[in-house]
Amino acid sequence: MIYLFFLHFSLYKIRKKLEELNRKKDVVCLILSYPPFNSRNIETHRGWIRDVLEINHKASEALNREKQVNISDLSSKITGLLHHSIHDIEAHVPSHILVEMCVEMCEEVFLWYPTPNMATLNLCIDDFMIRQILQNIQISEIQSILISGVNDKTFLCRLKNLPPIRQMFDLVIQVNVKSCLTSKDIEDRIIEELGFSKSSRGEAEQLLRSQNFLILLDDFDPWMINLHDLGNGWWNSDNTQKIVSMCFSSFSGLPVADLEIWGNYHLLSWKLFCENAGEVMSSIQQLAVHLLRQCSGHLLATVLMARALKDAKNVRIWQHASRVIGCLPTSHAEDRILFNALAFILGHLGSANKCVKYCASHLEMEGTKKVDLLDSWMNEDLIETLDEGEKIVQHLVNALLLESFQNGESIQMRKEIRKELVNFYEAEMNPILLVELDGRGLMEAPKNETWEEANEMHLMNNKISKLLDNPNCPKLIALFLQGNHHLRVISPSFFQCMPMLQILDLSQTKIKSLPQSLFKLIQLRKFILRSCELFSELPVEVGEFCHLEVLDLEGTEIINLPVAIGKLTNLTCLKVSFYPQANGNRKNNMSNRIIPQNVISNLLQLEELSIDVNPEDERWNATIKDIVEEIYCGNHLKRIISRLPHESAIKFEEQESCLKYMNGKGIPIEIKEKCSEIETIVDTDDLGEDLVLESLEYLSLHYMKNLRSIWKGPLSWYLPNLKKISLHYLPKLVSIFGNVPIAPSLEWLSFYDCPSLKILFPKEVSSHKLKVIIGEADWWSALNESEWFKPQNLGAIFFPIERDIDLRTQLAEINDQLQAQMQGTKPSQQSEIHKQRAGKQDEGDVNEDTVTVSLRTIFTLNLLENLNILEELVIEDCPEINSLVTCEFDVENEWFKIVHLPSLKKMSPYYMSKLVSISRDWGCARPDNLDSVFVPINGDVDLITRLSRDCKTTSNSKTMKKAFQLDSQSQNF
């Protein structure tokens with residue numbers, strides 16, 4: 001009996017110690033989610049957290065009598081973990097607050113502090129809680145999280161829909177478990193949510209074991225169920241698998257989850273603010289909360305701002321503080337929020353500012369005697385008397401700019417504050433000149449004098465097509481050119497005089513190559529080329545960027561990375577998209593690897609790696625194993641391997657109605673298993689006469705090995721709103737819809753690498769709105785030879801593409817040309833498609849026509865309907881065109897009575913040797929509006945006669961003389 005008594009007493013003491021230890025662990029996890037803790041300290045604490053989780057498991061075995069455990073040894077280990085040092089945390093959070101946070105009655109902590117409207121303050125709490133969850137969920141040992149003391153019933157829904165959550169997990173399941181009394185009841189609810197019956201538990205468990213899943217439990221009762229007992233057959237250490245539950249009352253006792261987050265504890269920053277700011281009047285409490293959100297929970301900045309605003313009652317001062325703390329980062333700031341907080345404080349210090357500046361430059365790291373500091377200030381003429389110096393020291397200590405120790409006899413400055421003060425005074429000596437010209441619709445770059453003194457140039461989201469040849473920018477640190485969609489070429493010497501450039505953003509431009517002067521920018525730290533769709537080759541000179549930290553090539557068409565990437569040893573972020581080349585159709589100059597071996601392992605600072613690649617590319621299969629091994633061996637902090645760029649994912653998310661499965665995430669298991677075997681998209685045998693997919697407008701089917709047709713079975717009309725179809729890399733496709741009248745609104749058809757598609761039935765291309773058919777030239781030629789194919793006038797809207805040129809580049813150029821036609825602009829103002837050819841071939845650079853060389857006509861009648869305000873038309877270098885206008889379908893006689901292009905005043909066809917007609921009697925241009933038709937030929941009167949007839953002119957000599965002009969080498973008509 002005595003033994004049992006002591007055993008129970010020992011277990012009771014272990015239970016109480018364990019509760020205390022886990023409260024401390026939960027508080028540490030919460031505080032570490034706030035800035036400004038450095039990564040080294042965070043990793044030290046995380047090691048301790050892992051030890052706590054391990055001891056929890058051993059203690060659970062002892063308390064549940066599952067395994068014989070040495071009680072004394074267990075108690076000693078728990079005591080040792082309780083003594084874990086948190087001095088770095090106490091430097092930001094006073095010890096008395098930490099003690100309060102570790103008390104058992106957690107729901108009462110902080111509630112006595114004056115709080116503004118809780119709905120407003122809850123915005124802060126939610127932001128801080130989400131940040132903590134996103135951080136802690138990445139700790140592999142934390143599998144279960146319990147959220148308590150939160151009254152917001154929509155919190156888990158918002159968490160569920162966060163992009164980082166969707167990117168991290170394949171399955172995100174949310175269930176309400178209010179009525180569940182056992183762990184088995186919860187498991188049954190989860191299985192039902194997955195779409196399985198209770199009898200299919202084995203299949204559901206197999207699915208969960210194979211997935212990265214997040215399970216969200218609403219109305220969880222921690223008093224009845226332990227999260228550690230859930231889903232014993234689900235867990236797979238190779239996957240990321242987490243459970244987050246929420247109860248609406250606080251829980252106290254042995255841990256039922258690996259981590260508990262108390263909602264009220266995220267009032268920490270509000271408590272710190274109130275303790276340091278004194279009484280916050282009700283009239284400015286909302287401003288105080290806004291300021292708190294601007295600080296993003298930065299503990300040091302929160303205290304600094306609170307002390308600076310202590311007893312401030314002027315609303316304008318609080319408004320000014322919010323504006324300053326929310327300022328955008330400058331090139332001088334490392335910690336933006338702390339930098340801005342110090343900027344606000346220094347702006348109100350007056351004469352004490354020069355004393356702070358002296359301390360930032362001369363004060364010893366370990367501190368100095370106060371009397372020595374005062375003597376130094378006297379010698380530097382910063383103060384006149386010692387009493388004045390004493391008051392300044394006390395003022396700076398109260399402001400937290402200085403700290404006193406050894407009973408006030410010594411003075412020191414925090415390392416974080418010193419660093420940002422040095423940055424601030426450096427910025428003060430060299431003020432930032434920011435040139436903001438973004439979104440102004442600029443067609444040309446600013447003149448040279450604008451660049452000379454600028455530190456930052458914001459030229460994004462304009463219409464700039466040409467930059468200066470060699471601007472003189474000795475002070476330029478950041479250059480933002482993203483969103484200039486007309487920018488195609490940069491002068492070879494453009495970057496020659498930018499020795500200080502650190503940030504360069506060329507995203508969403510149409511550049512194809514980089515000038516050599518760029519690689520002289522040895523100070524470059526961030527280089528962003530996101531969504532440059534025509535950019536395909538990264539030069540080996542990129543290895544010269546020895547200080548580069550961020551290289552973003554997402555949304556480009558890189559063929560492969562050069563070995564020189566391995567020289568970028570300071571790189572922390574690498575994002576790249578690779579050329580989507582199908583197997584067996586690779587460019588001759590392509591390597592068999594997209595990333596050279598041992599490149600990733602050399603990037604020891606790498607934290608983020610994003611790869612967008614066609615999963616069917618055999619080069620990826622040859623590379624992926626080595627990449628994973630190099631990431632593992634290199635101990636990289638973050639590993640991200642993706643197939644869909646972030647912008648594309650966001651665009652999908654923005655759609656109100658669409659069927660979407662991105663990067664394989666969220667796909668039902670049945671689809672995953674069957675997708676590669678799909679032969680038909682829609683089988684209508686059982687659909688009757690109902691419309692099918694009546695709202696669908698865009699259909700893209702790529703890389704489906706066994707797809708033979710989109711549609712199968714009888715149906716009169718379906719896809720009534722479909723406008724665009726793209727069918728790429730479908731080796732077994734033999735038919736689109738069969739000879740059935742479908743898609744009456746179809747405008748665009750794009751084919752590529754569909755070798756089995758040898759028939760286009762007339763009714764598949766019967767849409768009167770069809771403007772574009774795209775495909776390989778040899779495929780189209782073979783199609784024309786088929787006895788089944790009756791092209792009629794479809795050749796006029798066919799755009800050929802070539803196999804040895806980047807597909808995406810060609811599609812972009814075709815789209816540019818169509819836009820030029822629609823807008824009535826000169827081709828040179830749009831894509832210069834007749835002058836440029838993408839990529840380099842084995843023979844060297846090629847400069848010849850790619851699309852217009854094969855055009856036989858420009859306009860269809862449907863297109864003409866949209867060009868009623870076109871005034872000038874220039875066509876050049878289109879030797880195959882024989883008519884500017886053609887009809888792609890049978891028309892009624894009423895079409896002959898319509899005058900198209902009614903506003904046209906000037907028309908200039910250049911170098912069109914086969915042109916015999918403008919419109920083939922379809923009536924173009926009014927003779928009273930047409931000022932001139934410039935014909936650069938040698939007196940071809942027959943042609944002019946035909947053109948005049950097409951323009952509905954008469955034989956009146958005045959009209960003819962007004963309308964037609966020959967070139968300078970021929971006589972006037």
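How many aromatic pairs does the count come to by the ring-centre rule? In this predicted model, local features require pLDDT of at least 70 and side-chain atom pairs count only at pLDDT 80 or more, whereas totals for chains, interfaces and linings use all residues. Residues are numbered from 1 along each chain as its sequence is written, and side-chain values use heavy atoms, with hydrogens and water left out.

The count comes to 16 aromatic pairs, where rings of Phe, Tyr and Trp (its six-membered ring) pair if their centres lie within 6.5 Å, and planes under 30 degrees apart count as stacked, over 60 as edge-to-face and the rest as tilted. The ring centres of W451 and F494 lie 5.8 Å apart with the planes at 90°, so this pair is edge-to-face. Because W451 belongs to helix α20 (residues 448-452) and F494 to the loop between β11 (478-480) and β12 (503-505), the pair ties together parts that are 43 residues apart in sequence; helices (H or I, at least four residues) and strands (E, at least two) are DSSP runs, numbered from the N terminus. W451 is buried at 0% relative accessibility, and F494 is buried with a relative accessible area of 0%, buried meaning under 20% relative accessible area, exposed over 50% and partly exposed in between (1.4 Å probe, protein chains only). One aromatic cluster is formed by F751, W779, W780 and F798.

Charged side chains also lie over rings: R131 over the face of Y34, at 5.0 Å from the ring centre, and K724 over the face of W748, at 4.5 Å from the ring centre. The criterion places NZ of Lys or CZ of Arg within 6 Å of the ring centre and within 35 degrees of the ring normal.

By contrast with the buried W451, W223 counts as exposed at 57% relative accessibility and is placed in the loop between β3 (213-218) and β4 (241-247).
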